[in-house]
Amino acid sequence: MSRTDATSPFAHKIRPRHCDRLAVVYVRQSTPQQVVGNRESTDLQYQLRRRAVALGWADDRVVVIDDDQGISGTSVENRPGFQRLLAEVSLGHVGVVFGREMSRLSRSCKDWYQLLELCGLFQVLLADADGVYDPTDPNDRMLLGLRGMMSEAEVHVLKTRMHQGKLNKARRGELFTCVPVGYVRPPEGGIAMDPDEQVRSVVSLVFAKFAELGSLTKAHAYFAANDIQLGSRVYKGPGKGRLQWRRPRRSALYEMLRHPIYAGAYAYGRSPFDPARRVAGKPKSGRWNAPPEQWVCLLRDAVPAYISWEQYEANRRRLAENDRGPGSKKVTGRAPTLLNGIVRCGRCGRPMGARNARASANPRYACDWEAREYGGPQCQSLVASYPDRLIETLVLKAVEPASLELSLRAAERVEQDRERLHTLWRQRLERAEYEADRARRQYDAVDPENRLVARELERQWERKLAERRRLMEDHDRFQAEQPRRLSASDRERITALAADLPGLWHSPTTTGGDRRAIVRLLIERVELTRNGESERIDVAIHWRGGAVTRHEIRQGLRTYRSLGGLAQLRERILELRGDGRTADAIAEALNREGYQAARGDRFTGNGVRQFLARFGRKGVPAGVRDASDLPGPGEWWLPALAAELGVKPIVVHRWRWSGWLHTRQLRGENGRWIVWADAAEVGRLRRLRAFEIECRGRRTPPSELTSRPSRPGEPGRTTSSQSGGE
């Protein structure tokens, strides 16, 4: 085994225990460009193997770790070579670690001191081109610590210098990495529109369809339905600059609508890096979309534009309005509410949100910001269907005079849309024709004797011809389905739809998003003010153009106690009841006089009876005219007797129908029943019920349990029915 030369200046540091272990040579370059271009630095690092042998290590005991070539040394993450080195040191397999410079091992003090601690703990030496260092020696440890600090400071100086130069170039509008879809980097520098006409047409169509449909989802669905593809250029690699056609992703369209370059503006710093947002294991994480005021620079009219700056700002506003994002309470296009985003509270002025719009058939508009944010009281809440019906009526009435103009505009818009699609089809056919002709020319130019090449070119030509034929067939089908000009029947159908606006509004094919889009075109905002907890709601509609109209509507309530005219309604019902009218007759009179039930609908006989049961005269049940209609000695209201016996009222009614009880009914239709039952009678009824439960209908009750006893006479009492059963 080789041993250290005694004349070496480092002989006192290199001990036999070090030579018995491995000598590790760590090789690293920061970037792939340095690996390819700085060959001398790489060779010098590999030559450290000979230095290890010269210092006393056997050649087969020297290990080279070069797994981190092209990886920055600012962090231990994503550096498998350095992690392998730490593992070998921790296992006690290493005697010395060689690096051309200490900066090759690490550019981070945290990682450097971790390596020093492990080397000191396991008595591992560190060596570079200048000397050998023992981490257990205080002097060497101090020197190694200073070298680590200088290495980290050096990388910060280099990064700062490069970053400032980068920012200076960006402020001049000359810093480009890769340009977005629709732009290219010409040889003379700068940025220009893509020379391909079809690429430019598709990019322009993205902005036109978003402005027309008002929704990224709808624009993306339009592209997917018509098989429209985006043309992008390869920005790196062997095929750099080559045009590729791909299906548009929704995120790609979203980025195009948000990017200011399409409005002719150069921007830098739109996605800065935030270390707090970085996710472990994801090197590209940590970026976030900064607002425009935090961008490094924004230079207007610096590049060719597809749209105006005003249209770009309008697109951003529309995206912000449509964006639901995490935790948002906005509702999708299937929601039944009309005023999402434009309804405000008339009490405090805050926006009101649509609640239960998807999970319930009865959505509400609620001003609950104080309750959600601070746990305070809710400002107000009301049923959404009532103001929505008012808005629906007013909107249809407002657009009714413009039905003819709407039909003409719709026909014109359909023809414009079809003209765009026909233009895209023409460009696709031109491209397919060019590709087929180019393949033919390549086949004609080859030497016929070179059959190996000729066969391949012939196959390529056949593929291009087949693709052109398929496109032509698809184009023929498209022309048959969507001709360039509308037929007379199509125009008549559009005119009929425009004339029947209510039918078009309520059509199953009209989505909630379509209805809300129409409302927003006419109305700027709607303010709702509920009068206390009553059914009355004041509606202030601010129309686009400055006009304001005010209306009052009524909503349904869960209970009569919140009804505004409860006292007046109660007196009228009692007055009609006092005239001897039945519940159905009272309901007809109330509906004729314009009264509304609590839930906002018409009165019914059953509703009147329920109202009388809850809001009859104080101390006197509904239907009772005088004291003679109240239970006397030994008498019970039928429900009260059922509760005393612990049975349901239907059981007592069954006994009444069987003639086993003394009963009487109050005057009027569906009058209440009174049952006579003194203490002995209550005992008989308890025994009767116990027998029924025990026998379960298998035996007939004995006569002593079903025979009603004689009732003491009560002179002066009148009844509306004979005692006994019906």
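This is a short chat about a predicted model and some of its local features.

Trainee: Let's start with the sheet. What is the order of the five strands in the open sheet?

Mentor: The order is 2-1-3-4-5, and the pairing is mixed.

Trainee: Which strands are at the edges?

Mentor: Strand 2 (62–65) and strand 5 (132–133) are the edge strands, each pairing on one side only.

Trainee: And strand 1 with strand 3, parallel or antiparallel?

Mentor: Parallel, over four bridges; strand 1 covers residues 22–26 and strand 3 covers residues 94–98.

Trainee: What holds paired strands together in general?

Mentor: Strands of a sheet pair through backbone hydrogen bonds, either parallel or antiparallel.

Trainee: Changing topic. How many salt bridges are there?

Mentor: The count comes to 27 salt bridges. One of them joins the side chains of Arg-428 and Asp-227, at 3.8 Å from N to O.

Trainee: Where do Arg-428 and Asp-227 lie?

Mentor: Arg-428 is in helix 15 (residues 403–445), while Asp-227 is in the loop between helix 10 (216–225) and strand 8 (230–233), so the pair ties together parts that are 201 residues apart in sequence. Asp-227 counts as partly exposed, at 41% relative accessibility.

Trainee: Which residue forms a salt bridge with Arg-654?

Mentor: Glu-692, with the closest N and O atoms 3.1 Å apart. Arg-654 belongs to helix 24 (residues 649–657) and Glu-692 to helix 25 (residues 679–695), so this pair ties together parts that are 38 residues apart in sequence.

Trainee: Is Glu-692 buried or exposed?

Mentor: Buried, because its relative accessible area is 14% and the cut-off for buried is under 20%. Arg-654, at 33% relative accessibility, counts as partly exposed.

Trainee: On to a lysine. Where is Lys-209 found, and is Lys-209 buried or exposed?

Mentor: Lys-209 sits in helix 9 (residues 197–213). Lys-209 is buried, with a relative accessible area of 1%.

Trainee: What does the side chain of Lys-209 make a polar contact with?

Mentor: The side chain of Glu-212, at 3.0 Å. Leaving aside neighbours within four places in sequence, Lys-209 is in contact with Gly-214, Ala-219, Tyr-222, Phe-223, Asp-417 and Arg-420.

Trainee: Now the surface. Which residues form the nonpolar patch?

Mentor: Tyr-113, Met-142, Leu-146 and Met-149, with about 410 Å² of accessible area together. Helix 8 (residues 138–171) gives the largest share, three residues. Tyr-113 lies in helix 7 (residues 109–121) and counts as partly exposed at 34% relative accessibility.

Trainee: Last one, Ile-674. Which strand is that in?

Mentor: Strand 21, residues 673–676. Ile-674 counts as buried, at 1% relative accessibility. Arg-664 is 10 residues from Ile-674 in sequence, and their C-alpha atoms are 5.4 Å apart in space.

Terms used. Residues are numbered from 1 along each chain as its sequence is written. This is a predicted model: local features need pLDDT of at least 70, side-chain atom pairs count only at pLDDT 80 or more; totals for chains, interfaces and linings use all residues. Side-chain values use heavy atoms; hydrogens and water are left out. Helices (H or I, at least four residues) and strands (E, at least two) are DSSP runs, numbered from the N terminus. Buried means under 20% relative accessible area, exposed over 50%, partly exposed in between (1.4 Å probe, protein chains only). Patches are made of residues with over 30% relative accessible area and no salt bridge: like charges are joined within 9 Å, nonpolar side chains (Val, Leu, Ile, Met, Phe, Trp, Tyr) within 5 Å. Accessible areas come from the Shrake-Rupley method with a 1.4 Å probe; for residues, only the protein chains shown count as cover. A salt bridge is a side-chain nitrogen of Lys or Arg within 4 Å of a carboxyl oxygen of Asp or Glu. A polar contact is a pair of N or O atoms within 3.5 Å; within protein, one must be able to donate a hydrogen and the other to accept it, and residues adjacent in sequence count only if both atoms are side-chain atoms. Contact means heavy atoms within 4.5 Å. Two strands pair if DSSP finds at least two bridges between them.
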